[in-house]
Amino acid sequence: MTVLVISGTGTGVGKTVVTAAIAALAKADGRRVAVLKPAQTGVTDGEPGDLDEVRRLAGEVTTRELRRYPDPLSPEAAARRSGIAPVTPAEAASAAAELDAEHDLVLVEGAGGLLVRFDPGGGTLADVAWSLGSLLLVVAEAGLGTLNATALTAEVATRRGLNVGGVLIGSWPAEPDLAACSNLEDLPVAAGAPLLGALSAGAGQAGSEEFLAEARRGLSPWFGGEFDPECFAKGESAQK
């Protein structure tokens, strides 16, 4: 049984698509998959959230959302404004452990970056990962500016006793620029961990069958995919 914690270097980097892709491959391999979203912000009751997107792309996997806040803010700020109780790292870790008891793979998707606060006590996704002893996967952007954000995330994770399992590019552009192509070599250095995938921009708009094929192409064999970072980098660089 395995729990993986998925964090982004910031908001909008493709965490949900990466989470869905990992879930899709595991489900296709016959594994029992659960996805936990401790805090969903910016979505009201009745509106589709990140877990609805995961189910649309990956199929019928177990999903659990601990708290939902209507304002598009950090979980702590959104909880404060709404009057709804905040999520604590202990609560999130406990929910993940419960899911782990009945599933082969549990994916915990954060909100924003690694140190975005969940509660007034300063609890973060890093605390959840530490409590679980789980590998941390970092989802990063492709282009200019991503190296600093990735290095900061990885350094904080390491200092907090976390093990960064790898970095993934959540949205690889159809026409990558020089910075993006160069980052294929530099992102693993910044993360101190291997490049485990690069999903094509727009992959989240695909139907489930097409998305599964994209997940297979874009994720490492570590997840059951076919992505080879060296071959991918050579292929993209050859186009420049």
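## The annotated site

In the unreviewed UniProt entry, the annotation "binding site" covers Thr16, Asp52 and Glu109; such annotations may be inferred rather than shown by experiment. These residues span 94 residues in sequence, yet no two of their C-alpha atoms are more than 13.1 Å apart, so they gather at one spot. Thr16 and Glu109 are included in the lining of the largest pocket (an open set of 1 Å grid points with protein on both sides within 12 Å along at least five of seven lines; lining residues have an atom within 4 Å of a point).

The model is predicted, with local features needing pLDDT of at least 70, side-chain atom pairs 80 or more, and totals for chains, interfaces and linings using all residues. Residues are numbered from 1 along each chain as its sequence is written, and side-chain values use heavy atoms, without hydrogens or water.

## Two residues of the site

Let's start with threonine 16, which sits in helix H1 (residues 15-28), a DSSP run of at least four residues. Threonine 16 counts as buried at 13% relative accessibility (under 20% relative accessible area, 1.4 Å probe, protein chains only).

Glutamate 109 belongs to strand E4 (residues 105-113), where a strand is a DSSP run of at least two. Its relative accessible area is 1%, so glutamate 109 is buried too. Among its contacts beyond four places in sequence are Thr16, Leu36 and Asp50 (heavy atoms within 4.5 Å).

Note on methods. On a 1 Å grid over the protein atoms alone, a cavity is a set of points where a 1.4 Å probe fits but cannot get out, and a pocket is an open set with protein on both sides within 12 Å along at least five of seven lines; lining residues have an atom within 4 Å of a point. Buried means under 20% relative accessible area, exposed over 50%, partly exposed in between (1.4 Å probe, protein chains only).
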